Amino acid sequence: MGTTVTEGYFLKFGGCFWAVKGCHHPEGYAIAVPRKCGDVKVKKLSESVELVRRKFPELMRFDPVVNREVPMVPLKYAEILDPFEAEVKDRRARELIDLVGGKIGITGSMLYDDKYNDLDFVSFDLDHYFKLKELRERGLTWPLRAYNREEVEGISEYCFSSFKTSRVLEGVFEGIPYTFKIVQCVNEGEVVKETDVQGWFEIVKAERPFTIPAIYEVQGPFKALMKSYRTRFTELREGLRLLIKAPAQLRKGQNTWEINVDWGEVIECSPKAQGAG
């Protein structure tokens with residue numbers, strides 16, 4: 001068996017630092033996107049994939065679980081940056097880790113660079129969500145109201161900002177923004193059918209709203225599961241209505257469609273909608 005990597009891990013390959021995406025990775029490879037090449041940082045997923053197509057076209061391969069071409073970095077030629085083995089140099093990061101408790105790793109820019117504007121963490125423990133909620137209630141963290149417009153992708157700016165301010169997986173601690181990813185992988189079979197869907201869907205059950213991936217049962221033109229590996233779609237509340245234009249996938253051995261909002265072209269929310277508290 002090869003080295004196991006998952007969401008939150010980083011790789012050093014080809015003069016770039018790559019963010020490992022999701023939980024499924026073919027043997028010997030990691031599906032990953034470049035986050036920094038030289039002095040250039042790449043924020044948007046679409047821009048990362050486009051960069052790979054230009055500079056590393058040989059890495060683009062079809063994956064039947066994702067059902068599209070994705071960048072696959074060969075692990076035998078890459079240096080793996082393990083979030084849980086990295087030294088935590090930042091005092092504020094150490095303090096927040098101590099407050100939350102348990103096994104927590106550092107990720108994002110803090111894992112591979114001495115220059116960073118926020119604190120990124122990864123964990124596999126769902127209890128950490130409830131600890132973060134407690135810290136917010138005690139006034140030790142604050143809502144994150146500022147954001148970089150370059151990060152807005154696949155979602156309207158109104159929805160992006162309103163969801164962000166009500167989330168405890170993101171916030172501000174001692175004057176610096178933080179983000180927590182709580183990764184709890186699920187089994188995903190190969191996609192046997194895919195179609196594009198557009199319409200209003202309502203979240204009728206928040207099945208896994210606090211984890212990566214986040215999973216919701218939605219009802220609209222048809223009943224489906226809405227899935228995302230991005231923090232921006234965590235902590236959404238039941239009753240929220242979303243206008244979705246995205247691929248819907250049917251996996252081998254399943255009879256429920258999955259709407260993959262990470263590959264969505266347009267995500268809009270009901271004007272009165274707010275994220276979960």
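Predicted model: local features only at pLDDT ≥ 70, side-chain atom pairs only at ≥ 80, totals over all residues.
1. Cys-16 and Cys-37 are bonded to each other in a disulfide, with 2.0 Å between their sulfur atoms. The torsion about this S-S bond is about 110°, so the link is right-handed. It connects distant parts of the chain, 21 residues apart: Cys-16 belongs to strand E2 (residues 16-20) and Cys-37 to strand E3 (residues 29-37).

2. A disulfide is also formed by Cys-23 and Cys-185, whose sulfur atoms are 2.1 Å apart. Here the torsion is about -80°, so the disulfide is left-handed. Because Cys-23 sits in the loop between E2 and E3, and Cys-185 in the loop between strand E11 (176-182) and strand E12 (191-208), the pair ties together parts that are 162 residues apart in sequence. Cys-23 counts as buried at 17% relative accessibility, whereas Cys-185, at 44%, counts as partly exposed.

3. Cys-159 is joined to Cys-269 by a disulfide with an S to S distance of 2.0 Å. The link is left-handed, with -105° about the S-S bond. Distant parts of the chain are again linked: Cys-159 lies in helix H5 (residues 157-165) and Cys-269 in strand E17 (residues 266-269), 110 residues apart. Both Cys-159 and Cys-269 are buried.

4. For the whole structure, the search finds three disulfides. Counting bonded cysteines along the chain, their pattern is 1-3, 2-5, 4-6.

Methods: Residues numbered from 1 in each chain as written. Heavy atoms only, no water. Disulfide = S-S within 2.5 Å. Helix = DSSP H or I, 4+ residues; strand = E, 2+ residues; numbered from the N terminus. Buried < 20%, exposed > 50% of the residue type's maximum accessible area, 1.4 Å probe, protein only.
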